[in-house]
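Here's a quick walk through one structure, with the cut-offs spelled out along the way. Have your viewer ready.

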Amino acid sequence: MRRVVWIALVWWSVAWVVTDVPAAEALTGASPPSPLEQALQALYSDEEATREQAVRVLIEQGDATLLPRLDELRAHADRSLRMAIKPVADAWRHRDDLASPDADIRRSAATDLGTSGRAVAIPWLEAAAGFESHHWVRYAMDESAQLLKLASDDPAIKAQAATKLGELRSQNAVPALKALVQAAEESGGTEQQKPLARAATAAIDRIETWNVWSTAIETVFRGISLSSILLIMSVGLAIVFGLMGVINMAHGELMMIGAYATFVMQECFKLYVPSSWFDSYYLAALPASFLAAAVFGLILEATVIRFLYGRPLETMLATWGVSLILIQAARIYFGDLTAVTAPAWLNGGAQVMVGVFLPFNRLFIIGLSILCVMGIYALLFRSSLGLRVRAVTQNRNMSACLGIPTRKVDAYTFAFGSGLAGIAGWALTLVGNVEPGLGQNYIVDSFMVVVTGGVGKLAGTIIASLGIGGLNKLMEPSLGAVYGKVLILVLVILFLQRRPSGLFAVKGRQAEG
């Protein structure tokens, strides 16, 4: 019993000593909390100035290890505290992202830091730019650092930053540079402000001059992109018109069929193919869109157009009726609007100059049109089928006397031209929605390309599509889309008054008739 009492006394003594140590430390005075701990507590303050000072301390003296704690605070905070925490978390997250292996993430982080307005990010950006190998990411880091320096209190630093931004041709700097010039004008221009205003004015002039050139380059690129779609669509129309003398007003709806074939292929891949293979749907849709439009063109030729050869006005009316039927059928079955998701490998683009960004989808369309032209040239001028097509185009009666089956040539050529329209619809899904009136937006321009280039002439179709597509995009900014098309139509009419046969004169039975 005595031993048990003795053990109990010893245990109580140890417990008292252990529990009393914090109290002793409190009595003797514990070490004060660190500045970061004080700043974290200051975030709870109701005074805006105190919170702002806390944010400044956390950004200037903290590091990325604060992020988990800040996220935890934000999860259980009210709106005012979340607003106070956000700039701190964003700053350190962006600083971490400057070292990300993904170039897009590094560039986005640099841009966000440049718009944050916090000078503490300047050394971060300059240090990251020193190790950056990607040209446009380094450009974004340099631009953001100079934008932050533009808010400095030192006029010399401001002037130097303005000059550098002019050299970078930074469009993002124009509002801040104009604000500096305006401030100098309103105050009468002190001795410190005059050099700054001159530097800002020179930078603005340099940026705006470059902006004119970059806008012109992008306009030309958009014109070539539109011309590529017109070219793919117009080549088939030109071949059919030159061979058969048929005015096919349903050619735009054949383009629509190709676009809807692409949409159907996308939906089939969603339902029946693993998600990892989804992007392959677009490649599978190429032959599907060609075959869908070609088969329908073959049916149209066998049921309607074959009985109307030699009567172009009647073929125009008949095919116009067919186009209306197709539009309404597409509206009933698919609805007014559907969309095709571009494959991941066609997202984004390439920046070739400051202010000049070329999307991959439009580059793909331009490349596709070049391949189509090369394929059509090889078919028409390097194959026996092309020889027959050219023979029938030039003299149908003589070709029939020589044993060429002109009816079969007509049917196959019409199907091939329809398939080309389907490919144009397949390409068009990359730059717009799929809807029943899709082809109506391009049919008039396609006919203008055909008659301007010369009926049945491949070289004339290429040149005319480039001209009409380029003029469309050139006139849109100043005249608008509608008045631009009207002016182009007037110019085409005036041109045909001087050259009724188009750029290249027609040879063969049309010329003789």
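What follows covers a helix pair, a surface patch and a salt bridge.

## Ground rules

This is a predicted model: local features need pLDDT of at least 70, side-chain atom pairs count only at pLDDT 80 or more, and totals for chains, interfaces and linings use all residues. Residues are numbered from 1 along each chain as its sequence is written, and side-chain values use heavy atoms, with hydrogens and water left out.

## α11 against α19

Helices here are DSSP runs (H or I, at least four residues), numbered from the N terminus. The axes of α11 (residues 193–244) and α19 (residues 440–453) come within 8 Å and cross at roughly 65°; axes are lines fitted to C-alpha atoms over the stretch in contact, with angles from 0 to 180 degrees between N-to-C directions. The crossing is right-handed, meaning the near helix is turned clockwise from the far one by less than a right angle.

On the α11 side, the contact (heavy atoms within 4.5 Å) includes Leu-226, Met-233 and Phe-241, while α19 brings Tyr-442 and Phe-447, among others.

## A nonpolar patch

Leu-474, Tyr-483 and Leu-494 are among the residues making a nonpolar surface patch of about 910 Å². Patch members have over 30% relative accessible area and no salt bridge, with nonpolar side chains joined within 5 Å; areas are Shrake-Rupley with a 1.4 Å probe. The largest share, seven residues, comes from α21, and Leu-474 sits in α20.

## Salt bridges

Counting a Lys or Arg side-chain nitrogen within 4 Å of an Asp or Glu carboxyl oxygen, there are five salt bridges. In one, Lys-149 meets Glu-126 at 2.8 Å, N to O. Lys-149 lies in α8 and Glu-126 in α7, so the pair ties together parts 23 residues apart in sequence.

Methods. Helices (H or I, at least four residues) and strands (E, at least two) are DSSP runs, numbered from the N terminus. Patches are made of residues with over 30% relative accessible area and no salt bridge: like charges are joined within 9 Å, nonpolar side chains (Val, Leu, Ile, Met, Phe, Trp, Tyr) within 5 Å.
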